[in-house]
Amino acid sequence: MSASTESRRTGPSIAVVGMGSRGLGVLERLVGMCLAEPFDLTVHLVDPRPPGPGFHRSDQPDYLLLNTVCSQLTAFADAAMVTGPAGIAGPSLYDWCLERDLRVQDDGYTVRPGVGRAVRPNDFLPRRLLSDYLAWAAERIVAAAPEQLRVVRHQASATGLVQLGDREQVLLDDGTSVVVDSAFLTVGHHTLHQPQRQETDPATITCPYPLPDAVEAVRPGERVVVLGMGLTAMDVLASLTLGRGGRHVTGENGETRYVPSGREPRIVLASRNGLPYRSRPVLNPGRVRCEPLVLTPARVRELREGRPGGRLNFAEDIVPLVEAEIDLAYYRACLARHTGDADSARREFADLVRTQGAEPLLAQARERFGPSPVSGLLSGAAAGPPSWETYQDYTDWFVARVADDLAEARAGLGVSPVKEALEVLRDHRDVLREVVDPPGLDDESMGDFFSDFVSLVNRTVIGPQLDRSAELLALIEAGVVRPAPGAHSLLRRSTGGAVWTLESTTLATAHRLEADRVVLAHVQEPAADEAEGSLLGGLAKAGRLRTLRHRSASTTGLDVTREGRAVDATGTVQERIFLLGPHTEGSSYYNHYVPSPGVPSRALRDAELALRAALSTVVPS
């Protein structure tokens with residue numbers, strides 16, 4: 001259609017700008033709602049790329065893996081996931097792979113049709129498969145739309161929004177525009193799509209994606225510091241080892257051994273606190289996620305009543321509840337392991353908390369099973385890392401910590417009390433979202449939550465696949481990787497022959513390593529008001545959006561209402577602009593994920609809430 005044709009008011013219309021997984025969720029909910037109760041609407045899908053995959057690229061090598069098992073990823077809503085009609089039936093990623101006879105080859109990560117073992121529900125599959133799955137799902141969802149719902153695709157990028165009376169004009173980079181009743185901005189990690197910029201400093205790689213292209217300049221044998229120990233760092237390690245022709249092989253006793261190709265660099269793995277990430281645990285069959293006992297929505301609402309404006313103080317109000325929940329999960333798992341009856345342990349703990357409270361139960365459990373190794377995790381009461389005399393002492397501690405956690409991860413959920421306790425931070429995310437939802441947290445603790453707490457959660461339960469941890473140990477054993485010289489190592493430009501030096505600050509015996517190059521192995525999306533030349537950046541500059549910096553300097557997510565409506569620079573709600581996804585982190589919590597089947601999906605329920613608000617004024621009830 002031409003720009004002039006699309007400017008006419010021909011009936012209710014909305015635009016979805018950004019058609020990755022979050023935009024696809026909006027479309028899926030819209031189709032489901034329209035199938036259940038048909039209404040007249042035109043939906044404009046705006047994205048230069050095909051709908052569905054977003055930043056999940058189909059051309060990635062197979063060794064770059066998803067961090068969620070394939071049975072927990074879906075593009076289709078079921079009755080448990082949403083409050084509205086399910087509407088469109090479709091397979092999870094796991095079932096989709098089975099339908100296509102996709103199989104895992106002997107290296108444990110390459111997937112091809114008809115060759116190797118069958119895909120298992122707990123497999124961490126290549127990311128390229130999620131890209132293919134989401135693209136396929138998008139076509140299925142569009143095809144399911146009833147005739148009353150007209151889907152118009154625009155293979156272009158949105159460059160701006162202009163208010164036209166009671167409507168919004170979406171400007172596109174192909175010179176056209178569409179005028180709609182509401183605009184849904186679901187642009188997600190949009191900067192990852194931008195062409196790789198030329199590094200101004202050849203000794204520093206500041207953007208680690210796309211891989212392996214981003215690290216192609218790293219030469220065999222070169223000394224390189226990888227800054228970070230999270231998922232991006234594991235991707236970089238895989239690209240510099242598996243991507244260079246190296247192999248991980250499994251010995252007769254099940255141990256992982258790395259066979260170098262000779263094309264690897266010499267890698268130093270460093271992070272600010274020197275703590276390795278914990279591995280994602282195996283999900284054992286029959287494991288049941290227990291309801292919270294003390295960290296409950298009712299308790300959160302009760303605490304709000306005693307706070308000015310209903311804003312909670314995270315450290316005072318919520319941390320004690322989270323830590324109690326972690327301890328209860330630990331001891332409940334201990335009891336289940338002792339009796340062999342997890343369901344009985346679940347019922348017993350729920351009954352005792354209800355009748356006598358959590359503290360007496362925890363006191364009895366400590367006396368029976370001993371102290372929990374993860375008690376006081378958030379408040380700092382848990383045992384921190386030891387002090388180290390030498391670099392070798394720290395290296396030995398680092399290896400032992402990864403190995404101990406790997407053993408717990410292999411025991412898995414439903415067996416390991418430690419992993420059950422830590423999984424509270426994932427299992428009860430919806431309650432934590434209620435803590436952050438408006439009126440949310442007070443200004444004092446908002447910054448702490450989105451820096452210290454979120455960082456701890458990422459390190460504790462959003463860590464690498466357990467195979468990646470086994471591979472890290474093998475790389476250290478092979479001499480390809482070594483840890484930095486302790487926590488808080490000081491990285492600086494060298495005045496000698498090396499380009500960089502990494503010096504210890506926490507070892508009793510000082511140690512120094514030299515390097516030729518540094519890779520910043522973490523992804524940090526710029527705040528909307530810092531994203532030059534982007535749609536969100538332009539809207540923030542124009543004052544139509546604002547970040548949460550006015551409440552906390554370190555909280556840079558966009559300010560939105562609970563319905564997802566944008567808040568402008570004056571504090572006025574923008575009735576026709578809806579924001580969903582990672583850029584709203586701060587107004588809500590944990591916004592960057594693909595939904596899982598069989599459990600409530602905050603992403604899809606947020607989409608429903610926003611759609612109902614947007615359609616209430618233009619679609620007859």
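**Entry 1: two helices**

I began with α2 and α4, which are roughly parallel to each other, because their axes cross at roughly 25 degrees and angles under 35 degrees count as roughly parallel. I note here that the model I am reading is a predicted one. Helix α2 covers residues 21-36 and helix α4 covers residues 127-143. I looked up how close their axes come, and found that they come within 10 Å. I wrote down the handedness as well: the crossing of α2 and α4 is left-handed.

Which residues of α2 and α4 make the contact? From α2 I listed Ser21, Leu24, Leu27, Glu28 and Val31. From α4 I listed Leu134, Ala138, Ile141 and Val142. Sorted by class, the contact has seven nonpolar residues, one polar and one charged.

**Entry 2: a sheet of three strands**

Next I turned to an open sheet, whose three strands stand in the order β7-β8-β9 and pair antiparallel. Why is one side of β7 and of β9 left without a neighbour in the sheet? Both β7 (158-164) and β9 (177-180) stand at the edges with a single partner strand each, so one side of each has no neighbour there. From one strand to the next, the twist averages 20 degrees.

I then followed the pairing of β7 with β8, which takes in residues 167-172. Six bridges join these two antiparallel strands. As one example of the pairing, I found alanine 158 opposite leucine 172 in β8.

**Entry 3: cis peptide bonds**

I looked up two cis peptide bonds. One joins tyrosine 209 and proline 210, with omega at about 0 degrees. Proline 210 sits in the loop between β11 (204-205) and β12 (223-227).

The other runs from proline 438 to proline 439, and its omega is near 10 degrees. I placed proline 439 in the loop between α13 (429-436) and α14 (443-461).

**Entry 4: positive phi**

Last, I checked two residues with positive phi. Aspartate 101 is not a glycine, yet its phi is positive, at about 55 degrees. I found aspartate 101 in the loop between α3 (93-99) and β3 (102-104).

Histidine 488, also a residue other than glycine, has a positive phi near 55 degrees. Its loop lies between β16 (481-483) and β17 (490-493).

Notes. Residues are numbered from 1 along each chain as its sequence is written. This is a predicted model: local features need pLDDT of at least 70, side-chain atom pairs count only at pLDDT 80 or more; totals for chains, interfaces and linings use all residues. Side-chain values use heavy atoms; hydrogens and water are left out. Two strands pair if DSSP finds at least two bridges between them. Helices (H or I, at least four residues) and strands (E, at least two) are DSSP runs, numbered from the N terminus. Axes are lines fitted to C-alpha atoms, for helices over the stretch in contact, and angles run from 0 to 180 degrees between N-to-C directions. Angles under 35 degrees count as roughly parallel, over 145 as roughly antiparallel, 65 to 115 as roughly perpendicular and the rest as oblique. A crossing is left-handed if the near helix is turned anticlockwise from the far one by less than a right angle, and right-handed if clockwise. Contact means heavy atoms within 4.5 Å. Ala, Val, Leu, Ile, Met, Phe, Trp, Tyr, Cys and Pro count as nonpolar, Asp, Glu, Lys and Arg as charged, and the others, Gly among them, as polar.
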